[in-house]
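Dear colleague,

I am handing over the structure below, and my notes on what was found in it follow directly after. Please read them with the coordinates open.

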Amino acid sequence: MAIDQDVEELLIMGYSDLIIRQAQGECETPDVKIIPYMQHVEDLSKQFKSVEFRYILRFHNELADALAILASMLPYPGTVHINLLEIQIQERHGYYNTVEAEPNVQPWYHDIKRFLKTREYPEQANGDQRKTIRRLASSFFLSGEVLYKRTPDLKLLRCVDAQEAGRIMHEVHAGMCGPCTNGKGLLQLCPKMSSVSGAQ
């Protein structure tokens, strides 16, 4: 895309110190499978006046990760002009405290769960949507009928629909669960849709 936009000077930032050093030519690439990729990077780099590879710490890369996820969900328009994307960063995280169940609607994770079970996509899914489902499914784990999301520290967060999330919230606030773990650990179900993550 940078080449299509006639970019002349390119700054590439990444949080893998090894990969950045390999791209800069400071480290050798011992893995034979990686060598063609490094050669491709070198070939592409020749199409710019200058290319700089810069290492940044992982926690400084959160915005880039969010943009990469967003970009993977949108089709590339193929035009020279791309509308400006305005981003507002909140100083505090937002949390949901209530869940409203919608009647006769599949849970948010339905497509991911079905893909893990049968490798099937929704009938109306286009190529980009199928790619997104595959990418999302790679961070989930299916045990019987229960779907879990893997966290970076290899914990498994159980995914629940709105009805089950409401039942869990009721039990937690009624004190039925007991002090088996701290509140955050107990309530850190799948963050997107269980809607109970971070509740007190």
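Counting a salt bridge wherever a side-chain nitrogen of Lys or Arg lies within 4 Å of a carboxyl oxygen of Asp or Glu, the total comes to eight salt bridges. One of them joins Arg21 to Asp17, with the closest N and O atoms 3.1 Å apart; because these residues are four apart in helix α1 (residues 17-24), they are separated by about one helical turn. Helices (H or I, at least four residues) and strands (E, at least two) are DSSP runs, numbered from the N terminus.

Please bear in mind that this is a predicted model, in which local features need pLDDT of at least 70 and side-chain atom pairs count only at pLDDT 80 or more, whereas totals for chains, interfaces and linings use all residues. Residues are numbered from 1 along each chain as its sequence is written, and side-chain values use heavy atoms, with hydrogens and water left out.

The sheet is an open one of three strands in the order β3-β4-β5, with antiparallel pairing, where two strands pair if DSSP finds at least two bridges between them. Since β3 (140-143) and β5 (156-158) stand at the edges with a single partner strand each, one side of each is left without a neighbour in the sheet. Neighbouring strands are turned by 35 degrees against each other on average, direction ignored (axes are lines fitted to C-alpha atoms, for helices over the stretch in contact, and angles run from 0 to 180 degrees between N-to-C directions).

Between β3 and β4 (residues 146-150) there are four bridges: Phe140 has Lys149 as its bridge partner, Leu142 has Leu147, and Ser143 has Val146. Their hairpin has two residues between the strands, and Gly144 there takes a positive phi near 65 degrees. β4 and β5 pair over three bridges, with Arg158 of β5 as the partner of Tyr148, and the hairpin they form has five residues between the strands, Leu154 in the turn having a positive phi of about 70 degrees.

As for the helices, α4 lies across β3 and β4 and runs at about 65 degrees to β3. α4 also packs against helix α5 (residues 127-137) at an angle of about 80 degrees, with the axes 9 Å apart, which makes the two roughly perpendicular (a word used for angles of 65 to 115 degrees, with under 35 as roughly parallel, over 145 as roughly antiparallel and the rest as oblique). Asp111, Ile112, Phe115 and Leu116 of α4 make this contact with Ile133, Arg134, Leu136 and Ala137 of α5, contact meaning heavy atoms within 4.5 Å.

Finally, Leu74 is placed in the loop between α3 (62-73) and α4 (110-118).

Best regards
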